[in-house]
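Here is a short briefing to read alongside your structure. Have the viewer open, and we will go through it topic by topic.

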Amino acid sequence: MRVYLPSTIPALARVVAAGELGPAPLTGFAVTPALIEWYVSGDNEELEYVALTEAARASLRMLAADRKDGVEVAARRVVIAAEVPDETVKAGADLEERARVRVLEPIPMRLVASVHVDDADAVADVEAAIAALPAADGGDDDAQFVVDGAEDHELLWYATQEIPDLLT
């Protein structure tokens with residue numbers, strides 16, 4: 001099963017250094033039965049895009065949490081795509097997002113298929129979205145519009161052999 005895992009540039013560097021994503025359980029996003037039921041008119045490619053977008057939203061929250069903790073982190077959303085055995089993935093009705101899953105085992109780097117990262121052109125909008133998250137969470141429609149603006153930027157696709165270039 002293809003699972004999209006939210007990350008940041010520093011977290012991606014830690015994954016590369018460790019040789020795996022972990023410890024488990026990991027929160028990811030995938031094409032789940034609930035997502036298929038909700039998005040009945042979508043084909044598999046569209047459903048994969050929805051899961052990727054959900055992971056990018058989670059990456060934005062990771063960036064905001066790092067900033068709140070005083071960690072200096074580039075304002076670029078990162079999503080790691082991995083092909084994991086179906087039996088290691090749990091989706092359930094108790095999970096809020098329709099695409100959210102739990103990966104029950106660490107994911108070795110050999111299962112990583114690609115990495116998706118914001119282009120440098122997105123940085124200003126991602127910065128604005130990070131700043132607007134608290135107000136958006138409080139129900140401010142204008143702030144939510146700013147947060148949604150980060151999604152106007154498509155994440156770029158990188159092959160696994162290109163990961164070291166992202167970390168320099």
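A residue counts as exposed when its relative accessible area is over 50%, as buried when that area is under 20%, and as partly exposed in between. Please keep in mind that this is a predicted model. With those cut-offs in hand, let us begin with helix 1.

- Arg14, Ala17 and Ala18 are the exposed residues on one side of helix 1.
- Buried positions in helix 1 are Ile9, Ala11, Leu12 and Val15.
- Looking down the axis of helix 1, you will find its buried residues within an arc of 160°, so they line one face of the helix.
- Those buried residues pack against strand 1, strand 2 (20-21), strand 4, strand 8 and helix 6.

**The largest nonpolar core**
- This core has 22 residues, and those touching the most other members are Val3, Leu5, Leu12, Leu21, Ile107, Val115 and Val117.
- Two or more core residues come from each of strand 1 (2-7), helix 1 (9-18), strand 4 (78-83), strand 6 (100-103), strand 8 (112-117) and helix 6 (163-166).
- What does Ile107 contact, leaving aside neighbours within four places in sequence? Its partners are Leu5, Glu20, Leu21, Leu26, Ala82 and Val84.

**Where helix 3 meets helix 4**
- Helix 3 (residues 44-68) and helix 4 (residues 123-137) have axes that come within 10 Å and cross at roughly 85°.
- An angle of 65 to 115 degrees counts as roughly perpendicular, and helix 3 and helix 4 are therefore roughly perpendicular to each other.
- Helix 3 brings Leu60, Arg61, Leu63, Ala64 and Arg67 to the contact, while helix 4 brings Val126, Glu127, Ala129, Ile130, Leu133 and Asp137.
- Sorted by class, this contact has 7 nonpolar and 4 charged residues, with no polar ones.

- You can find His153 in the loop between helix 5 (141-149) and strand 9 (156-159).
- Is His153 buried, exposed or partly exposed? His153 is partly exposed, as its relative accessible area is 21%.
- Not counting residues up to four places away in sequence, His153 touches Arg77, Asp118, Asp121, Ala122 and Asp125.
- Val123 is 30 residues from His153 along the chain, and their C-alpha atoms are separated by 9.7 Å.

**Two cis peptide bonds**
- The bond from Gly22 to Pro23 is cis, with omega near 0°, and Pro23 lies in the loop between strand 2 and strand 3 (26-29).
- The bond from Ala24 to Pro25 is also cis, with omega near 0°, and Pro25 sits in the loop between strand 2 and strand 3.

Key. Residues are numbered from 1 along each chain as its sequence is written. This is a predicted model: local features need pLDDT of at least 70, side-chain atom pairs count only at pLDDT 80 or more; totals for chains, interfaces and linings use all residues. Side-chain values use heavy atoms; hydrogens and water are left out. Axes are lines fitted to C-alpha atoms, for helices over the stretch in contact, and angles run from 0 to 180 degrees between N-to-C directions. Helices (H or I, at least four residues) and strands (E, at least two) are DSSP runs, numbered from the N terminus. Angles under 35 degrees count as roughly parallel, over 145 as roughly antiparallel, 65 to 115 as roughly perpendicular and the rest as oblique. Contact means heavy atoms within 4.5 Å. Ala, Val, Leu, Ile, Met, Phe, Trp, Tyr, Cys and Pro count as nonpolar, Asp, Glu, Lys and Arg as charged, and the others, Gly among them, as polar. A nonpolar core is a set of buried Ala, Val, Leu, Ile, Met, Phe, Trp, Tyr and Cys residues joined through side-chain atoms within 4.5 Å. Buried means under 20% relative accessible area, exposed over 50%, partly exposed in between (1.4 Å probe, protein chains only). The arc is that of the directions from the helix axis to the C-beta atoms.
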